[in-house]
Amino acid sequence: MKKPDLDSPQTIRQFVDKFYACLLADKKLAPIFLDVAQVDLELHKPLICQYWEKLLLGSDEYQRHTMNIHRLVDQKQKLEAADFEAWLSYFVATVDSHFAGPKADRAKHLASAIAANMQKSFLANAWLASRLRFKYQAL
């Protein structure tokens, strides 16, 4: 049976449901979503669908600033490289297991870039903050 592409709101919703089932089964990632970020899944998952519909289908419904939202989580609990790597691994595995096509491939490419950008930003900010603390402690 041919796997569907991520080319409609319905398939994107299916993807988000499957992806979040994986994330929330992970003993390290689930607490980040549920305890640290205190995500209300009934509100959060439709927003994630809108986000991917914007990236993959050109929808204009999603109007939030993704990086700022994740910065707030990082301020509560420092996100580590392993967190981004696990997130991306679940993302790619979910796509590969259930979807195929140009939009599915684009989603994996975009997710890789998103994870890399967030990881680079948060880890660089943590490194810079630690350097600044060290510098001013030495004064």
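A caution to begin with: the model is predicted. Let's start with the overall layout. The protein chain has six helices and zero strands. Read from the N terminus, the order is α-α-α-α-α-α. The chain has 139 residues, and 35% of them count as buried. Now take the contacts with a separation of 6 or more. Residues 24 or more positions apart account for 76% of those.

On to the first pair of helices. Two packed helices are described by the angle between their axes and the distance between the axes. Helix α1 covers residues 9-25, and helix α3 covers residues 41-57. Their axes are 9 Å apart, at an angle of about 125°. The two helices are therefore oblique to each other. The crossing of α1 past α3 is right-handed. Who makes the contact? From α1, we have P9, I12, R13, V16, D17, Y20 and L24. From α3, we have L41, H44, K45, I48, C49, W52, E53, L56 and L57. By type, that contact has 11 nonpolar residues, one polar and four charged.

Next, α1 against helix α2, which is residues 29-36. Here the axes lie 5 Å apart, and the angle is about 100°. That angle makes α1 roughly perpendicular to α2. On the α1 side, the contact uses Y20, L23 and L24. On the α2 side, it uses L29, A30, F33 and L34. How do these residues divide by type? Seven are nonpolar, with no polar and no charged residues. Note Y20 and L24 of α1: they are part of the contact with α3, and they also take part in the contact with α2.

Stay with α2. Which of its residues are buried? They are L29, A30, I32, F33 and V36. The cover over them includes α1, α4 and α5. In residue numbers, α4 is 66-76 and α5 is 81-98.

So let's look at α2 with α5. Their axes come within 10 Å and cross at roughly 100°. Again, that makes the pair roughly perpendicular. L29, I32 and F33 of α2 meet D83, A86, W87 and Y90 of α5. This contact divides into six nonpolar residues, no polar and one charged.

Keep an eye on W87. Leaving out residues up to four places away in sequence, W87 touches F19, L23, L29, F33, A111 and A115. The largest nonpolar core has 35 residues. W87 is among those with the most contacts inside it, along with L6, F15, W52 and F91. Which elements give two or more residues to this core? They are α1, α2, α3, α4, α5 and α6. Helix α6 runs over 102-138. With eight residues, α6 gives the most.

One last stop, in a loop. Q38 sits between α2 and α3, just after α2. Q38 is not a glycine, yet its phi is positive, at about 50°. Is Q38 buried or exposed? Its relative accessibility is 60%, so Q38 counts as exposed.

To recap: α1 is oblique to α3 and roughly perpendicular to α2. In turn, α2 is roughly perpendicular to α5.

Definitions and conventions: Residues numbered from 1 in each chain as written. Predicted model: local features only at pLDDT ≥ 70, side-chain atom pairs only at ≥ 80, totals over all residues. Heavy atoms only, no water. Axes fitted to C-alpha atoms, helices over the stretch in contact; angles between N-to-C directions. Helix = DSSP H or I, 4+ residues; strand = E, 2+ residues; numbered from the N terminus. Parallel < 35°, antiparallel > 145°, perpendicular 65-115°, else oblique. Left-handed = near helix turned anticlockwise from the far one by under 90°. Contact = heavy atoms within 4.5 Å. Nonpolar A, V, L, I, M, F, W, Y, C, P; charged D, E, K, R; others polar. Buried < 20%, exposed > 50% of the residue type's maximum accessible area, 1.4 Å probe, protein only. Core = buried A, V, L, I, M, F, W, Y, C linked by side-chain atoms within 4.5 Å.
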